[in-house]
Amino acid sequence: MQRLSDGTERAVRFRSRTDGCRDQALADFFGSGPELDSRSNIRTMDSLLAEVMDEMHLEENLAPEILASAWQKAAGNALVRLSELVSVASGTACIRVGHPTVRYELTRLKTSIIKALNEELGAGSVRYVRFISR
C-alpha cells in the first residue's frame, strides 16, 4: 500500500529486486535517476564463497583410510592387491589399476562395484566409476 499526500492509500504492484536493479543500471548508464546507496551491493566474503562452493558442487575428500577400507570390503582381497580406490568426488569413484586385464575385469563388474561402494560409503555416494592407469 502506498500512502498518498491527501492521506488515502492505494494498492501498488510489487516490484522485485531484480526489476529495481535493472532500472537502476539503466538510469546509471543514461545518467539519470537517483544514485544507488554505496552499501546496497556489498556482500560478505563468507556469503560469496558459500555461494560459489554450492555452485561447484564440491564434496569433502574422504580420508585415505576410509577409501582403503571401503575398497577392501567392496572389491575383495584379490582385486585390492591389483587396484586402488583413489577418490570419490561428485558421485564418481576413481579407481587406479595396474594392468589392462584388471581394468577389463573391473569394467565388467562396474554395477556391482557401485552397489558395494554405496553400501560402504552411504547411499548415492557413487554413481559412476572411472578407471585410471598407474
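Let's start with S83 and its contacts, where contact means heavy atoms within 4.5 Å. Leaving aside neighbours within four places in sequence, S83 is in contact with W71, I95, R96, V97, L106 and R134. A quick word on where this comes from: the model is predicted, so local features need pLDDT of at least 70 and side-chain atom pairs count only at pLDDT 80 or more, while totals for chains, interfaces and linings use all residues. Residues are numbered from 1 along each chain as its sequence is written, and side-chain values use heavy atoms, with hydrogens and water left out.

Back to our serine. You'll find S83 in strand β3; strands (E, at least two residues) and helices (H or I, at least four) are DSSP runs, numbered from the N terminus. Is S83 buried or exposed? S83 is buried, with a relative accessible area of 3%; buried means under 20%, exposed over 50%, and partly exposed in between, using a 1.4 Å probe and protein chains only.

What does the side chain of S83 reach at 2.6 Å? That is the backbone oxygen of L79. The S83 side chain also makes a polar contact with the side chain of W71, at 3.2 Å. Here a polar contact is a pair of N or O atoms within 3.5 Å; within protein, one must be able to donate a hydrogen and the other to accept it, and residues adjacent in sequence count only if both atoms are side-chain atoms.

Now follow W71. Beyond four places in sequence, W71 touches residues including G76, L79, I113 and L117.

Finally, the whole chain: 6 helices and 5 strands, with 19% of the 134 residues counted as buried. Thanks, everyone!
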